[in-house]
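Here is a short briefing on one structure.

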Amino acid sequence: MPGRQFLHVPGPTNVPDRVLAAMHRPMQDHRSSVFPELALPLFQDLKKLFKTTSGQAFIFPATGTGSWEAVLTNTLSVGDRVLASRNGQFSHLWIDMAKRLGLDVQVLEEPWGAGASPEHIHDALAADRDHAIRAVLVVQNETATGVTSDVAGVRRSMDSAKHPALLFVDGVSSIGSIDFRMDEWGVDGAITGSQKGLMLPAGLGISCFSQKALEAGNSARRNNPLRRVFFDIEDMQKANKDGYFPYTPSLPMLYGLREALDILFEEGLENVFARHHFLASGVRAAVRQGWKLETCSKAEKWDSDTVTAVMVPEGFNGADVISRAYKRYNLALGAGLSQVAGKLFRIGHLGDLNELMCLAAITGSEMAMRDIGIKVEPGSGAAAAEEVYRAAPEILAQKAA
Ligand code: PLP
């Protein structure tokens, strides 16, 4: 099909040409004396992304799933209890991993379409008088439902319950796109991957550990720790301190990460977050005001600035919209997963993206919906989004003033 594909799944996202160019280079010796000039600043600059001064960042050749495993296995012992909110497919998968690793998982079920509940977390922690719960697991942005949870609120609940548990946050589809403050929010294990806000191909599992998490790991090591070999951060720490890796790292991915971080810092993280917010506001206006459809997110406070899950009307299958958009309009949309399979389609709006790219996704989705018989007013999605996008520079200027 002529022209470029419009990639609007919530990851992988578009890789900017600058990043592609930075990755396109001959291989080099990863044990050379100059390699640390690439690696050492990456570890430091990732801390700016996580907004931490005291934490330690790690880069594994992996994906977000690997980062989940790295954080759990380097901090906890076999049989430890963890408290986890389940409000979508990704929180479900993380819980499943924790169980399979041998942790005792206390699950707080939340509706798919709601965020993690700080109140429920508070009550569970307050009831845990012996402090058996070692960690709280929260997915900041549930990519499956387009829901963002209030991590600062979770921290406040943990503090008000006076509970010493660690706080682990999955920021795979938020970090680098939606505000995340590791130190301020007292996050002990932060998790991300390379293929979303970082605008790279999949291939890096990036995590950041607080000093408290590192200390918990040291005591777990003395007390029947969860098994890990490849993901052992002790091996990483030994090699990373001099700017090396314990094995062969992916050179193109590291050069790409360098460029991606430079791009994010040149725009300014706060501007990146504001851009994601107004692009998302346009998509939401298209869905709610234009098409008069519902999102899976059940309240504005949970609306995600990186992905919008659009509920299709009764009698229609979201998979048909996705298939039509892909085959006819070269537009890739995200599918409904598990509990919400068929009930929705997802428009990813994160990474290297602007207003006109979002308008293409809106118009393509609208045409695909109409093609399969969903009754939406022609042009209504773009019309609603345009009003948001035309006002966006003023909104940003007001914010900056
Ligand atoms: N967590 C969230 C919130 C995700 O969106 C994803 C993937 O989309 C994952 C974890 C798993 O990441 P990966 O596919 O990089 O292993």
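The axes of helix H9 (residues 251–267) and helix H10 (residues 269–290) come within 5 Å and cross at roughly 85 degrees. Because 65 to 115 degrees counts as roughly perpendicular, H9 is roughly perpendicular to H10. This is a predicted model: local features need pLDDT of at least 70, side-chain atom pairs count only at pLDDT 80 or more, and totals for chains, interfaces and linings use all residues. Residues are numbered from 1 along each chain as its sequence is written, and side-chain values use heavy atoms, with hydrogens and water left out.

**Helix pair**

- Axes here are lines fitted to C-alpha atoms, for helices over the stretch in contact, and angles run from 0 to 180 degrees between N-to-C directions.
- From H9, Leu 264, Phe 265 and Glu 267 meet Leu 269, Asn 271, Val 272 and Arg 275 of H10 (contact means heavy atoms within 4.5 Å).
- The residues of this contact divide into four nonpolar, one polar and two charged.
- Helices (H or I, at least four residues) and strands (E, at least two) are DSSP runs, numbered from the N terminus.

**Ligand site**

- Which residues come nearest to the ligand? Of the 13 around it, they are Thr 63, Thr 65, Thr 143, Asp 170 and Lys 196 (near means a heavy atom within 4 Å).
- Thr 63 places a polar side-chain atom 2.5 Å from a ligand oxygen atom.
- For Thr 143, a polar side-chain atom also lies 2.5 Å from an oxygen atom of the ligand.
- Gly 64 takes part through its backbone: a polar atom there is 2.9 Å from a ligand oxygen atom.
- On its own the ligand has 390 Å² of accessible area, and the protein covers 87% of that (Shrake-Rupley method, 1.4 Å probe).
- Helix H3 (residues 64–73) gives the most to the shell, with three residues.
- By class, the shell has four nonpolar, seven polar and two charged residues.

**Backbone features**

- Most residues other than glycine have a negative phi, and most peptide bonds are trans.
- Gly 11 and Pro 12 are joined by a cis peptide bond, with omega about 5 degrees.
- Pro 12 sits in the loop between strand E1 (6–8) and helix H1 (17–23).
- His 131 is not a glycine, yet its phi is positive, at about 60 degrees.
- The loop between helix H5 (118–127) and strand E5 (133–139) holds His 131.

Note on methods:
A polar contact is a pair of N or O atoms within 3.5 Å; within protein, one must be able to donate a hydrogen and the other to accept it, and residues adjacent in sequence count only if both atoms are side-chain atoms. Ala, Val, Leu, Ile, Met, Phe, Trp, Tyr, Cys and Pro count as nonpolar, Asp, Glu, Lys and Arg as charged, and the others, Gly among them, as polar. Angles under 35 degrees count as roughly parallel, over 145 as roughly antiparallel, 65 to 115 as roughly perpendicular and the rest as oblique.
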